[in-house]
Amino acid sequence: MISVYSARFPSDTSESCLVALDRKNASLHKENRLLKEEIENTGRRATDAMQLSNWNEQYSRKKNVKIFDFPEKRGEKLPHNFLNEIGKLDVNIDQSEIVAAHRIPGKPGKPRPILVKFLRMESKIALLRNRKLINEKLEVRISDDVTRLNQGLLNRLYLHEDVTSAWYFNGHIYGTDNNGDRHRFDIYDNIRQKLKS
């Protein structure tokens with residue numbers, strides 16, 4: 001008995017159609033595989049570019065600090081006002097060591113943070129050595145100027161159940177696990193996997 005399919009399409013035509021479909025299928029599989037490889041390569045390049053961009057941005061901020069909660073006054077003179085206040089604590093930094101100091105956007109209802117850019121790294125370090133004293137006496141908070149991506153990483157580390165402390169130092173982000181071991185983290189790290197390594 002001849003099937004309807006066989007009757008409509010002679011076997012040699014059916015076989016040539018199947019061969020053509022197989023070739024087309026193999027071609028599509030190859031194309032799909034090449035596209036996946038290209039997407040993976042593009043993803044890797046994008047990740048590398050973001051890491052390098054973040055590192056460069058952080059490097060450009062290495063002489064900067066942010067000062068939070070310093071009272072904001074109309075017509076204030078920065079950095080003069082701040083330097084006068086820390087001078088009362090015997091922390092003396094020459095105004096010529098400051099390249100720029102200005103307010104940046106902050107949280108509503110609070111004084112806008114002050115961004116300070118130092119001429120030399122030594123001057124920034126001198127301020128940070130006295131950070132605890134200044135923070136307590138002036139009721140401010142002084143911190144390094146970290147990038148948005150690094151701040152996001154720090155926030156994730158602060159919230160992670162297996163991380164006991166996290167901090168920024170010299171362009172990198174570090175965290176301590178429950179065993180007291182220190183790890184260096186990058187913006188794209190899987191925190192849980194990094195803690196196991």
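Modeller: Start with β1, which is mostly covered: 5 of its 5 residues are buried. Bear in mind that this is a predicted model.

Colleague: Which way do the residues of β1 point?

Modeller: The general idea comes before the case. In a regular strand, side chains alternate between the two faces of the sheet. In β1, Asn64, Lys66 and Phe68 point one way, while Val65 and Ile67 point the other way. Residues of both sets are buried.

Colleague: In what order do the strands of the sheet with β1 stand?

Modeller: The order is β2-β3-β1-β4, in an open sheet of 4 strands with antiparallel pairing. At the edges are β2 (98-103) and β4 (141-144), each of which pairs on one side only. From one strand to the next, the twist averages 20°.

Colleague: How many bridges join β1 to β4?

Modeller: There are 4 bridges, and the two strands run antiparallel. To follow the pairing residue by residue, look for bridge partners: that of Phe68 is Arg141 in β4. Strand β1 (residues 64-68) also pairs with β3 (residues 114-118), again in the antiparallel sense and over 4 bridges. There, Val65 stands opposite Val116.

Colleague: Which residues does Val116 touch?

Modeller: Leaving out residues up to four places away in sequence, Val116 touches Lys63, Asn64, Val65, Ile67, Ile98, Ala100 and Ala101. Val116 is also one of the residues with the most contacts inside the largest nonpolar core, which has 19 residues. Others in that group include Ile67, Phe82, Ile86 and Leu127.

Colleague: Which elements give two or more residues to this core?

Modeller: They are the strands β1, β2 and β3, together with α3 (80-87), α4 (121-129) and α5 (131-138). Another core, of 11 residues, lies apart from it, with Val146, Leu153, Leu154 and Ile173 among its members.

Colleague: Which residues of α6 are buried, and where do they fall when seen down the axis?

Modeller: To read a helix this way, find its buried residues and then look along the axis. In α6, the buried residues are Asn150, Leu153, Leu154 and Leu157. They fall within an arc of 100°, so they line one face of the helix.

Colleague: Which exposed residues does the face turned away from the buried side carry?

Modeller: That face of α6 carries Arg148 and Leu159.

Notes. Residues are numbered from 1 along each chain as its sequence is written. This is a predicted model: local features need pLDDT of at least 70, side-chain atom pairs count only at pLDDT 80 or more; totals for chains, interfaces and linings use all residues. Side-chain values use heavy atoms; hydrogens and water are left out. Two strands pair if DSSP finds at least two bridges between them. Axes are lines fitted to C-alpha atoms, for helices over the stretch in contact, and angles run from 0 to 180 degrees between N-to-C directions. A nonpolar core is a set of buried Ala, Val, Leu, Ile, Met, Phe, Trp, Tyr and Cys residues joined through side-chain atoms within 4.5 Å. Buried means under 20% relative accessible area, exposed over 50%, partly exposed in between (1.4 Å probe, protein chains only). Contact means heavy atoms within 4.5 Å. The arc is that of the directions from the helix axis to the C-beta atoms.
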